Every structure is written in C-alpha cells, then in structure tokens.
There are 2 protein chains.
Amino acid sequence: MTEPRPRARFVVVGGRATASPDFLLDDLPGTSGRLDLLLRCVRAALLVSHGVRRDVVAYLVLLGGPAAPRCARVTGADARFLRPDERSLATLLRKSLAAPREGGGFVTVRPGVAVADGGLDAALDDAGGGALWLLDEGGDDLRAARLAGGGGDTFVLGDHAGLDAATLAGLDARGARRVSVGPVSVHADDVVAVVHNELDRRAR
Amino acid sequence: MTEPRPRARFVVVGGRATASPDFLLDDLPGTSGRLDLLLRCVRAALLVSHGVRRDVVAYLVLLGGPAAPRCARVTGADARFLRPDERSLATLLRKSLAAPREGGGFVTVRPGVAVADGGLDAALDDAGGGALWLLDEGGDDLRAARLAGGGGDTFVLGDHAGLDAATLAGLDARGARRVSVGPVSVHADDVVAVVHNELDRRAR
C-alpha cells in the first residue's frame, strides 16, 4: 500500500455473513447470512454521486460458514468499476472470495479488493493505529465526538444482530470509544451515511 | 387513509425510472432506468433496525418508459413484509406496477403500496400541505432549517441526473425551499438517511 493514509475506515462485522462464495445472487438475504446488509455498507462507505471516496477503506468481517473467519477489504483509492447496486457488489465479492490466494494476510484479488484469513483483528491490525470508534446506541453523540479527522478514524459497526461479548471485549481492549449517531437504531448503511456526513462537514 | 398525519414524506423523482413492470430483477440498473436507486431510498425512508417507520410515506415518481408518468406510494403505517434488500423491494414494486387498477388516482395494490397515474404533482397533491423541501446541494444547511417537525415536512429528491428545469419551476411555484445535507454530493438514499437523523434528533 503506497496510498496516502485514508480519511476514514469502516469495519462492518457480519456475525453470520458467509466467508465463502457459495451464496445465491437471487436470494442474498436467505443464503448469505445477510451479506446484503454488509454490501449496502460498502456502497455507503465508498460511493458518492458520480464517484468513489478515494480516501476511504471498507472492511467486511465475514464470520459465517465453514470458510470463516475471513475479511474482505475494499480500498477506495484502488477500486475500479464499483457499482452501487447490491447485485453488482455481491458479484464482486463472490468473485473475490472465490479467487485463489497464497498466504493468510490480505491478498489483492480484484482491483481495490483484498481478502485475508481472520476476523475483526485482521481488519483492525491492517487499519493500523488512530482513533477507534464503536458505533453503539448507548455511546456519546457523534456530533460532539473528538474525531481525529484528517486520516485517523476507524469506525466499527455490527450487523442486525449486534456484536457478541467477546468481540466487544476485544474492542474495549483496543481502547475503542463508543459513539452514537442518534436516538433511533438505524440500519448499518444509514449509520455509515451519517458518519460520513459528520466527517464531510468537519473537513469543509 | 385514516392514519395519523405522517411525520415526514419523501418524494424521489426518477427521471428515467420505468413506470412499467417489464424490468429484469437480475439487471435493475441496466433495465429499469435506475430504479435500483429509488428502491434504496424506500429502504432508507421506511426501514430501521428491526422495524418500519410507521410515520413515514415514500413516493417514487416514475418518469421513464411508455407507461410514464406514474407514482408509487409506500406508506409505513400500512406496509407489510417490507424487506431491505433491493431485489425484494424490486419484486414488490414490479407486482405493484403490474396490478390492475381502476381510475387514475392512488389505488392500493398491495398492503401499504398504492400506484397512481401522474408525476411529481400527483405525489405532492397527495402529500397535502405543510413544509416543502427540495434537497439541493446549494440549499441552506439542513441542521439550521426550520423544519415543521411533528407532521408537516415533505422532502423532494432527484435521482443521479438531478431534476429538470420544468420540475424545478413547478417546485418553486409550490414554494419549495432548498436545503442541503452537507458539502459532498451523496447518493439519494444517503440524503434520506441524513434527513431522518436530523428529524430523529429533533423529535427526541
């Protein structure tokens, strides 16, 4: 990686999201452990009107199925042909999960897409240092949060089922701070959209 | 309609979005005039974690194809089996557009889903009075906007191509005020997510 330090990283943990490419594009919610939810987060994290957020990296932590744990990383700076619809994103991820790899660390398998063995720790180790934020309904208000900005924020989100106790303990051990986007529990992709809005406003 | 006045209405105008049910579920972006974009707005407008926003109504203004103009209305208070993934939403809309109707006004064709002949005016006439907002990058900051709250805000959004001059003139004639969610031009569903966040915060 020779790109400049990204502005923000989003890590979405899919407790049952399949780590293998054997899901059906025609029934993502029913066959992929709700990979559809994670793919919508990729769109929200990386795509804007007529373009890609080049300074953002998204990690999908795939904890479901026999191939788990695996982590897929989509890097805005290198991504090509990233389309916003779920089926296109699912096709991209399916090809990426099916691609041959050597070694357990992140291996680039498509332009801007890399896959690694490992779960949340693989993502956070790759993300490096900086401020670590756990999106949590009980957290402090995002609008008042002392975000690092300019290159050092990593945001961790759970899926519809939330994060388990071991994952939460691991995040605590890394010093993650809990932050909330608002009083209503919304979908993970909407959380990403609101976080970006706050970052965009501060970068103005 | 005997439901209480909704908290907010979202009207998304699809300049080429097909008004007929002859699109392919396997290639929404390529065969539907970017209906995928509008369907993602339905999710953002109506769905939250583990539930439906019962106090929200979404209108999709479909201006593409030989059956145009048509308008589909999804009412949170009455919607059933609303799922977040694009394919499920596309299936629902396809059935709704294919359903027989009598008369040109809004006819309920599925639980919570009604279809009418007509374009943006059909949606806005149905939405009734209250504050009319046009999401526009050059508008005033949403966070400072004097939203009606509590039941009277209608938000109009364009698709990836924006709104044409005639549509903008019509909105001006209705007294629409321009409001912006932030400094970056984001996807329409992300705009909806940010608007909801502001409404949620003010309703707290």
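Analyst: What follows explains, term by term, how a predicted model is described.

User: What makes the relation of chain A and chain B a two-fold rotation axis?

Analyst: Chain A is superposed on chain B by a rotation of 180 degrees, with 0.0 Å of shift along the axis and an RMSD of 0.0 Å. The two copies are therefore related as by a two-fold rotation axis. In chain A, the residue whose C-alpha comes closest to that axis is A:Val194, at 2.8 Å. The same surface serves both copies, since 100% of the contact residues of chain A recur in chain B.

User: How many residues does the contact take from chain A and from chain B, and how much area do the chains bury?

Analyst: The contact takes 39 residues from chain A and 40 residues from chain B. Between them the chains bury about 3,300 Å², and 46% of this is on carbon and sulfur atoms. Of the area that chain A buries against chain B, A:Arg143, A:His187 and A:Arg201 supply 19%, more than any other three residues.

User: Why is the pair of A:Arg201 and B:Asp141 called a salt bridge?

Analyst: The term requires a side-chain nitrogen of Lys or Arg within 4 Å of a carboxyl oxygen of Asp or Glu. For A:Arg201 and B:Asp141 the N to O distance is 2.6 Å, so the pair meets the rule for a salt bridge. The rule finds 10 salt bridges across the interface of chain A and chain B. It also finds 25 residue pairs in polar contact there.

User: Which elements of chain A give two or more residues to the side that touches chain B?

Analyst: They are helix 2 (35-46), strand 2 (47-48), helix 3 (86-98) and helix 6 (188-203) of chain A. Helix 6 gives the most, with 8 residues. By class, this side of chain A has 12 nonpolar, 8 polar and 19 charged residues.

User: What makes A:Asp189 and B:Arg43 a pair that joins two chains?

Analyst: The closest N and O atoms of their salt bridge are 3.0 Å apart. A:Asp189 lies in helix 6 of chain A and B:Arg43 in helix 2 of chain B, so the pair joins two chains.

User: Are A:Asp189 and B:Arg43 buried or exposed?

Analyst: The cut-off for buried is under 20% relative accessible area. A:Asp189 has 3%, so the residue counts as buried. B:Arg43 has 2% and is therefore buried.

User: Which other salt bridges involve A:Asp189 or B:Arg43?

Analyst: A:Asp189 also meets A:Arg40 in a salt bridge, at 3.7 Å from N to O. That pair links distant parts of the chain, with A:Arg40 in helix 2 and A:Asp189 in helix 6 of chain A, 149 residues apart. B:Arg43 forms a salt bridge with A:Asp190, the closest N and O atoms being 2.8 Å apart. This pair crosses between chains, from helix 6 of chain A to helix 2 of chain B. A:Asp190 and B:Arg43 are both buried. Salt bridges that share partners join A:Arg34, A:Asp36, A:Arg40, A:Glu86, A:Asp189, A:Asp190 and B:Arg43 into one network.

User: What is noted about the phi of A:Arg34?

Analyst: Phi of A:Arg34 is near 70 degrees, a positive value in a residue other than glycine. A:Arg34 is found in the loop between helix 1 (28-31) and helix 2 of chain A. B:His50, also not a glycine, has a positive phi of about 60 degrees. The place of B:His50 is the loop between strand 2 (47-48) and strand 3 (51-52) of chain B.

User: How do you know whether B:His50 is buried or exposed?

Analyst: Exposed means over 50% relative accessible area. B:His50 has 69%, so the residue is exposed.

User: Where is the cis peptide bond of A:Pro69?

Analyst: The cis bond joins A:Ala68 and A:Pro69, with omega about -5 degrees. A:Pro69 is in the loop between strand 4 (56-64) and strand 5 (70-75) of chain A. In chain B, a cis peptide bond joins B:Ala68 and B:Pro69, with omega about -5 degrees.

Definitions and conventions:
Residues numbered from 1 in each chain as written. Chains lettered and ligands numbered in written order. Predicted model: local features only at pLDDT ≥ 70, side-chain atom pairs only at ≥ 80, totals over all residues. Heavy atoms only, no water. Least-squares fit on C-alpha atoms with pLDDT ≥ 70 in both. Contact = heavy atoms within 4.5 Å. Buried area = accessible area lost by both parts, 1.4 Å probe. Polar contact = N/O pair within 3.5 Å; in protein donor to acceptor, adjacent residues only side chain to side chain. Helix = DSSP H or I, 4+ residues; strand = E, 2+ residues; numbered from the N terminus. Nonpolar A, V, L, I, M, F, W, Y, C, P; charged D, E, K, R; others polar. Buried < 20%, exposed > 50% of the residue type's maximum accessible area, 1.4 Å probe, protein only.
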